[in-house]
Amino acid sequence: MSFEPVIGIETHVELNTKSKMFCGCSSVDSTIAQPNQFVCPICAGFPGTLPTTNSKAIEYGILISLALNCKINRLSIFSRKNYFYPDLPKGYQISQHSHPLASQGSLTIQSNTMTKMIRIRSVHLEEDAGKLIHSNPEATLIDLNRAGIPLVEIVSEPDLSNAEEAVSYAKELRSILSYLQVSTGHMEKGALRFEANVSIRQKNSRKMGVRREIKNLNSFKALQRSIEYETQQQIKFHKSNQTIVQQTLAWNETTGQTVVQRTKENDDDYRYFPEPDLPNILIENKWINELKQTVPELPFDKRKQFQAMGISFDDAHLLASKKEIATYFDAAVKIGANCCPKITPNTLANWITTHLFRLLNEFDTTIDKTHIRPQKLVSLITLVKTDVINVNSARLVLREIHIKPTDPLIVVNQLNLQQTLSDKTLSTIVNDILEQHPEQTQLLLEGKTSVFNWLFGQIMKSTKGKSNPKTIKNLLKSAIENKRIKEK
Ligand SMILES: [Zn+2]
């Protein structure tokens, strides 16, 4: 008997509005603020205080819903979700339950080999809880900066069939949020968190199994590994005739295992009831239509556009993954097309996804924060294309212009990187190197072609980057050819 997993995902997105969901406290990145710096009687849950709804959060919720092809519900209602936990001073969370902001949407995931539509069940608005800090052995501390930060929860239908699809879904969702600019999307800071509902069923059967929910997954790796582990675990239970019960699980990244937190938790456990302190939200079509005009081009369309330029699927995926990367690439393509010689989109895609990304990674920064603006990247590639410098030198220059806002050509001159050696000088160097390494030269003459690159490397080294690799290769080839003729 073979089984397949059935996966649904719940996503929590912290919105980057200026203030909190139901009070005027600042909601700037709570991780860089002092603990409890942004707290007032409302978000600290004092009795007798009255919440008011942040209309910007509703607007962002509608934008997300529109990007996910949802139906925006004319009426949505806030409810109290009652449960006790020390990070929730009110003893309940204001959320939406029976009447969410939007429902019945979809998100399309894509890989090299498949395209699949995942249905979205609902999008609803709620508030985040505070944060407990367990670093002190004597006591647990509480920071309420996060309490009341606007959250959007996006619930998918159980349409995902394996961990890879779940990760594609999560990545696509993060890209969409980046294009809409409604959240920082920082997973490591908890601004984007996933929960996976996993069950198994017999292949080709429509009968669903009992689901177990893995909470608070804040990296794609954790999402992937926890689903893979949980699937195998449930198959094991099934094969050994153990009953699978509905449970809430935590993922332990270190042990690579899920741990049971709570058993069976249903909606009725929360005693939902309408929040009496907040009015219902009535959304007019006029507002929806106005917001529709502001939804930008989304990653799915951007990828299609890039592929139409001849960019590979993988590169198109990377370049369209974040709005700032797509914007950068678009700008570079425009500048490159007006250059002499023309710099093609493919050349630019190559430079961005290899050299530039490697550098950004090394400096732990992002494309919108580097001094290498598209114009400078294009100038640098032009220097390579017109044989002023070689690729190795260009990588040096790239690093310099990332650190300092300066022009590539100035760096080339400062570091004296021009390929200035004449063909005659280069020819002499090639012959010198061959004479210095008679053994390797002999091997090459005997047809051992792997030595070619080694000798090429020696020559490049001795020219200190002041030579064009293409010229060196040609000179080396003809020097060997000459020797061969002489030998005959
Ligand atoms: Zn407050």
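User: Hi! Is His355 buried or partly exposed?

Analyst: His355 counts as partly exposed, because 19 C-beta neighbours lie inside 10 Å and a residue needs 20 or more to be buried. Please keep in mind that this is a predicted model.

User: Thanks. Which helix does His355 lie in?

Analyst: His355 lies in helix H8.

User: And what does His355 touch, leaving out residues up to four places away in sequence?

Analyst: His355 touches Arg395 and Leu398. Leu398 is 43 residues away along the chain, and the C-alpha atoms of His355 and Leu398 are separated by 8.3 Å.

User: Let me step back. How is the chain divided into domains?

Analyst: There is domain 1 at 3-291, domain 2 at 299-414 and domain 3 at 423-487. The centres of domain 1 and domain 3, taken over C-alpha atoms, are separated by 62 Å.

User: Okay, helices next. What does H9 look like, and how far does it reach?

Analyst: Helix H9 covers residues 374-385, so 12 residues at 1.5 Å a residue give an expected 16 Å. From its first C-alpha to its last, H9 reaches 16 Å, close to that value.

User: Which residues of H9 are buried?

Analyst: In H9 the buried residues are Pro374, Lys376, Leu377, Val378, Leu380, Ile381, Leu383 and Val384.

User: What follows H9?

Analyst: Asp387 follows H9, and its phi is positive, near 60°.

User: You mentioned H7. How many residues does H7 have?

Analyst: H7 has 15 residues. Its reach from first C-alpha to last is 21 Å, close to the 21 Å expected at 1.5 Å a residue.

User: And which residues of H7 are buried, and against what do they pack?

Analyst: Lys323, Ile325, Ala326, Tyr328, Phe329, Ala332, Val333 and Gly336 are the buried residues of H7. They pack against H2 (163-180), H5 (299-308), H6 (313-320), H8 and H9.

User: New topic: at what angle do H1 and H4 pack?

Analyst: Helix H1 (residues 55-67) and helix H4 (residues 285-292) pack at about 65°, with their axes 10 Å apart. H1 and H4 are therefore roughly perpendicular to each other. H1 passes H4 in a right-handed crossing.

User: Which residues make that contact?

Analyst: From H1 the contact uses Glu59, Ile62, Leu63 and Leu66, and from H4 it uses Ile288, Leu291 and Lys292.

User: How about H13 and H14, where do their axes come and how do they cross?

Analyst: The axes of helix H13 (residues 438-445) and helix H14 (residues 450-462) come within 8 Å and cross at roughly 140°. That angle makes H13 oblique to H14. The crossing of H13 and H14 is left-handed. Gln440, Leu443 and Leu444 of H13 make the contact with Val451, Phe452, Trp454 and Leu455 of H14.

User: Last one, Ser462. Is Ser462 buried or partly exposed?

Analyst: Ser462, which lies in helix H14, counts as partly exposed because 13 C-beta neighbours are inside 10 Å. Leaving aside neighbours within four places in sequence, Ser462 is in contact with Ile429 and Ile433.

User: How far apart in space are Ser462 and Ala147?

Analyst: From C-alpha to C-alpha, Ser462 and Ala147 are 63 Å apart in space, and they are 315 residues apart in sequence.

Technical notes
Residues numbered from 1 in each chain as written. Predicted model: local features only at pLDDT ≥ 70, side-chain atom pairs only at ≥ 80, totals over all residues. Domains from an automatic or database assignment. Helix = DSSP H or I, 4+ residues; strand = E, 2+ residues; numbered from the N terminus. Buried ≥ 20, exposed ≤ 12 C-beta atoms within 10 Å, placed from the backbone. Axes fitted to C-alpha atoms, helices over the stretch in contact; angles between N-to-C directions. Parallel < 35°, antiparallel > 145°, perpendicular 65-115°, else oblique. Left-handed = near helix turned anticlockwise from the far one by under 90°. Contact = placed C-beta atoms within 7 Å.
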